[in-house]
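Me: Please take a close look at the pockets of this structure. I am new to it.

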Amino acid sequence: AQSVTQPDIHITVSEGASLELRCNYSYGATPYLFWYVQSPGQGLQLLLKYFSGDTLVQGIKGFEAEFKRSQSSFNLRKPSVHWSDAAEYFCAVVRSNDYKLSFGAGTTVTVRA
Amino acid sequence: EAGVAQSPRYKIIEKRQSVAFWCNPISGHATLYWYQQILGQGPKLLIQFQNNGVVDDSQLPKDRFSAERLKGVDSTLKIQPAKLEDSAVYLCASSLGTSGYEQYFGPGTRLTVT
């Protein structure tokens, strides 16, 4: 069964510093991978997705993610965080057997001034 | 383009009471999903509709939860009777197709059961 692991429950980063959120997956075939962001009181917004092709994926709000098959990872990065990036971030995979979206437990990002 | 609408945004009820949540998906989206998001966890799929038919309700606690999408547009999720462990955010999402890609989420309904 495909699953997603986000090892970091909570990350604190200074405004202007770089951010990297880790995501590891298990899969039986080519994974379809996603990163979503959830701001307080809001629904989930899709940041970026990977289906195939170039392993470095650009998303909205200045985020990017890199698919590394050898490490079963799909880490999310941003070179310089803004206070508005404080939110919860979810990595997700579409399961190839039933096409259902399966989420990790999420990483909460706090941005300090 | 209007997004996925949900109401109410917040609800507080006592255990054993009933509650209903409403969702209006993006116009033209055939597939509608209800997720339960417990604090500290990722969303978990409860039920998936395609048009007005149920595609997957394997994770729906059918002894207390029910959902319908009568005209293939908006949907209602009901809990009766509620338990303390039902306290969560209930998210509705919609997509054009059924493959699970490109789901658009509503703001959610935060339910507190006391």
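Reply: β11(B) gives the most to the lining of the largest pocket: four residues. Strands here are DSSP runs of E with at least two residues, numbered from the N terminus. This is a predicted model, where local features need pLDDT of at least 70, side-chain atom pairs count only at pLDDT 80 or more, and totals for chains, interfaces and linings use all residues. Residues are numbered from 1 along each chain as its sequence is written, and chains are lettered from A in the order in which they are written.

Both chains take part. β10 (87-94) and β12 (107-112) of chain A each supply at least two lining residues, as do β9 (88-95) and β11 (109-113) of chain B. The volume of this pocket is about 490 Å³. A pocket is an open set of points on a 1 Å grid over the protein atoms alone, where a 1.4 Å probe fits, with protein on both sides within 12 Å along at least five of seven lines; lining residues have an atom within 4 Å of a point. The volume is the space filled by probe spheres set on the points, which are joined across faces, edges and corners.

The lining has 27 residues; Gln38(A), Gln37(B), Leu39(B), Val89(B) and Arg110(B) are the closest to the centre. Twelve are nonpolar, twelve polar and three charged. Ala, Val, Leu, Ile, Met, Phe, Trp, Tyr, Cys and Pro count as nonpolar, Asp, Glu, Lys and Arg as charged, and the others, Gly among them, as polar.

Now the second largest pocket. Its volume is about 230 Å³. Of its 13 lining residues, Arg95(A), Ser102(A), Pro43(B), Lys44(B) and Leu45(B) are the closest to its centre. β11(A) provides the largest share of this lining, three residues.

Methods: Heavy atoms only, no water.
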